[in-house]
Structure formats: C-alpha cells, structure tokens
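Hi everyone, thanks for making time. Let me put the structure up on the screen, and then we'll walk through it together.

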Amino acid sequence: MANESNDVYKTRGQWAGHLGFILAATGSAIGLGNIWKFPYITGVYGGGAFVIVYLACVLLVGLPLMMAELMIGRRAQCNPVGAFQKLHRKGSLWQLTGWLGVVSGFLILSYYSVVAGWSMAYIFKALSGFSGSAEQIVGQFDILQNSAGTSFLWHSFFMLLCIGIVIGGIQKGIERWSRILMPSLFLILLALMFYGLFATDGGTAALSFLFKPDFSKLSAEGVLSALGHAFFTLSLGMGAMITYGSYMKKDRSILKDAITVSFLDTLIALMAGIAIFALVFQYGTEPNAGPGLIFATLPVLFAETGPWISVPFFILLSFAALTSGISLLEVVVSYFIDQRNWKRSTATLVLGGAIWFFGMLSAVAVWKVPVNILGENQGFFAFFDVLTTNYMLPLGGLLTCLFIAWRMKDKDRIGEFGSSGKLYSVLKFVLRFITPIALLMVLLHGLELLPFMDYGP
Ligand code: TRP
C-alpha cells in the first residue's frame, strides 16, 4: 500500500494492535478524576441521584464530544493546532481552539503531576503502614502538601516517568505502557472492589449509596458539577482525543470505540466508588469528606485494613495518573513535532522539562498567585485547577463542538463517522444543539453568571 496513509504512518506513528487505541485512550480518560474526584463529588452531592445525572451527562455531552474530537483528529492526521488549520484554512481563527488545548495540556500536567506525585509518595507511606491517631494520620497529608521539597521531588519523579514513556513514541512508548498499566489497574481495582463488597460490612451500604437515587439531595450545583466532570473525566476539551484520534487506523469505528472508552471510564469510576464507599461505611465515616477523601480520610481507614489493601490502592491511583499524564504530555509534544518539525526526543525533553519546571509553582504550597482573585490570593495549584477545569476546558469543548457541528464539511464528518444514516443525524443534532448548550452552562457557571443560581454576595 504505497499511498498517503503509509507516509503519514512512517512520519507520525499509528496505534499498532487491535486494542492499542482503546487502551491508550482509556488510559488517558481514567485518571485521578475517576478514583480521586468522582467518589468525592458523589459523596458531596449525595450519591445515587448524582450518579444518574452524571451518566446522562456522559451520554449527552461526553460521548458526542469524544466522537467529535476523534473525527477531527483522524480526518486531519494532525495535532490540535494543525487540525483546525487543515480542516478549515491556514490562518483560521479556529486554530486558537487548538492553541487553547495545547496550553491547557501544559497547565493541567503541571499541577496534575503534583497530585500524581502524592499518590506515589503514599505507596511508600502505605508500605510502612498508617498508624497513630486519626488526627496524626490526617495531619500527614497536611505535612506532605506543605513540604515543598518532598512534593517537588515526587512531582519530578512523576514527570520523569511521563517523559520516559512519551519519548518512546506512539507504539513503543504510549501503547506499550498502556498495555501493561491498564490491565493491571483493572485487576487491582477488581480485587479492591470485591474486598469492599464481600470482606467488609460496608458493601451493601456503598451500593445503596451509589445506586439508590434520592433526588431531594440533588442541587443545581450538583447537576453542573456532574456536567463538568463528565467531560473532564473523558479528557475532553483540550485536544487530547484529537491527538489520540490522529493515530487511529482508518478501519476503526469511531462510534464503537468512543462508546467503549466512555463505558470503561464510567465502569472504573463506579468500581472505585464501590471500593471506597464500602470502607467509608464499614467504619461509619461520613461519605461527604470532600477533596481530602483519598489522602486524609481513607488512610485513617487503611490503618484498620493494613497494607494489603492500602498499597495496591495507591499503586492503582499512580497507574491511573501515569497513563493520563502521558496523554497530556503527548498533546504538547505532538504540536512541536507536527508544526515545528522537532524530533520527538527533543520535543519531549524540552517540553517535559518546561512543564516540570513550571510545576514547581504548584508543588510549593506557600507560593501564592500575586494577584487577588475572588477575594484571596490563591495558591498556584488551586488557581491552575480552577482556570483549566472551569474555564479553559469548557471553552475548548464548546469551540470544538461548534466547529465540527457548524463549520466542518459534511463530507469530512461523514467520511469519519462512516455512514450518513439515522445515527449520524442524531449525532449531528446533539452536537449542534444539546452539547454546546450544556457546555455553555458549565462555562457560565464557572464565571458565576448563570441567572438562576445564587452566587452569594
Ligand atoms: N481524564 C483525566 C482524569 O480523569 C484528567 C484529564 C482531563 C486529562 N483532561 C485531560 C487527562 C486531558 C489527559 C488529557 O483524571
């Protein structure tokens, strides 16, 4: 086959195996969002009803947007910036969407890596066992967060792993490691879930908390969080799926693969929820602990279960973070490879190094953003988190969605979707009207501009 796709294959790389794309994309989607964030926001917003709304959001916003990104990527055979240029025209303002994605990838990885570093640090804490009073165990997390040196060291280690994998390229780096890490992650989580269900007394309570809806506990705030989380957890809104889609083989069905990835991501989040809440209910703790659920509340419970449970748990968390970290780095690196003709090794070392250096801002908790935002000088960590999750990703998602639905040619869309039947019409309708409205709401909520919400004084 001496055609164009062969040339592209040589210069850009492509997923090799049958499952290559699925494993890598699921690896990107499954991350700290699934194991750290999903359980804690489910706890905060009251359980079952939140889960139902979240599932609806994955279906109506997540899945269509994931298909949109994959279609753009595979059509253009390019990084996000180049993709918008190719599919519209050079100098098109739409390429700003790609830029937004590359910058978001840079910023997200710079703080994501700090949390990932804590996960790795906790593997070792778990090995030596959590002991002492509850206050002491919770206090360990404060100490870690506030110890700039330790946080920075673990952040550096995590970045080194990401760089080491991405430098290997699509098949020999990302795909190979996803093949090892993802099945291991699944097996560990399966074991932890069975432990929660059958070896603790909290299994039944966990199931009913997660799956018995009590709509009286659901707030508008909860619905908007579910919406926001649905596309954060699927790695959408910043071109990660555009990039991974560009390495996808032509004969894969985007519809089927996007359904598989979204399904696996949701499955893992629910399994993590069961494993975690079973422990929470077993020891009579409240489920609404907030962001500290994993690093502060759970270790107190792990003191009872012992290292057989806690060590695998933090390994699981680290694996999940690693496969997401590499996809964040790949977005930035692919821009420099495609658009600036850098060698992969140069691009990975320079950009990985830059993100590592920039991540120092998030690792050092005492450094605060010099400008006063919303009445306080926040730490950089919280600042970058809010900036990307609440503003940049919804905006990127919204623009991507508007682009594919209103600007991209029918021929290009159908070429990637594979057919122009009923399902295609449904997708087009959802991408034109439903998904953008939902994303606009998330964005306006982030800006505290939704008319029907009460944002206080
Ligand atoms: N999906 C990841 C998670 O659930 C986080 C994430 C958001 C991400 N956007 C991304 C990962 C882009 C990789 C690329 O933790």
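I'll talk about the ligand and its surroundings, and then about salt bridges.

Quick housekeeping: this is a predicted model, where local features need pLDDT of at least 70, side-chain atom pairs count only at pLDDT 80 or more, and totals for chains, interfaces and linings use all residues. Residues are numbered from 1 along each chain as its sequence is written, and side-chain values use heavy atoms, with hydrogens and water left out.

So, what surrounds the ligand? There are 15 residues, and the closest are Ala-29, Gly-33, Tyr-112, Phe-232 and Ser-327. Being near here means having a heavy atom within 4 Å. Sorted by type, that shell has seven nonpolar, eight polar and no charged residues; by this scheme Ala, Val, Leu, Ile, Met, Phe, Trp, Tyr, Cys and Pro are nonpolar, Asp, Glu, Lys and Arg are charged, and the others, Gly among them, are polar.

Now the polar contacts, meaning N or O pairs within 3.5 Å. A ligand oxygen has a backbone N or O atom of Gly-33 at 2.7 Å, and for Leu-32 the backbone distance to a ligand oxygen is 3.1 Å. Over at Thr-233, a polar backbone atom lies 3.2 Å from a ligand nitrogen. On its own the ligand exposes 360 Å², and the protein buries 100% of that (Shrake-Rupley method, 1.4 Å probe).

Last bit: salt bridges, where a Lys or Arg side-chain nitrogen is within 4 Å of an Asp or Glu carboxyl oxygen. The whole structure has ten. In one of them, Arg-75 pairs with Asp-412, with the closest N and O atoms 3.0 Å apart.

Conventions:
A polar contact is a pair of N or O atoms within 3.5 Å; within protein, one must be able to donate a hydrogen and the other to accept it, and residues adjacent in sequence count only if both atoms are side-chain atoms.
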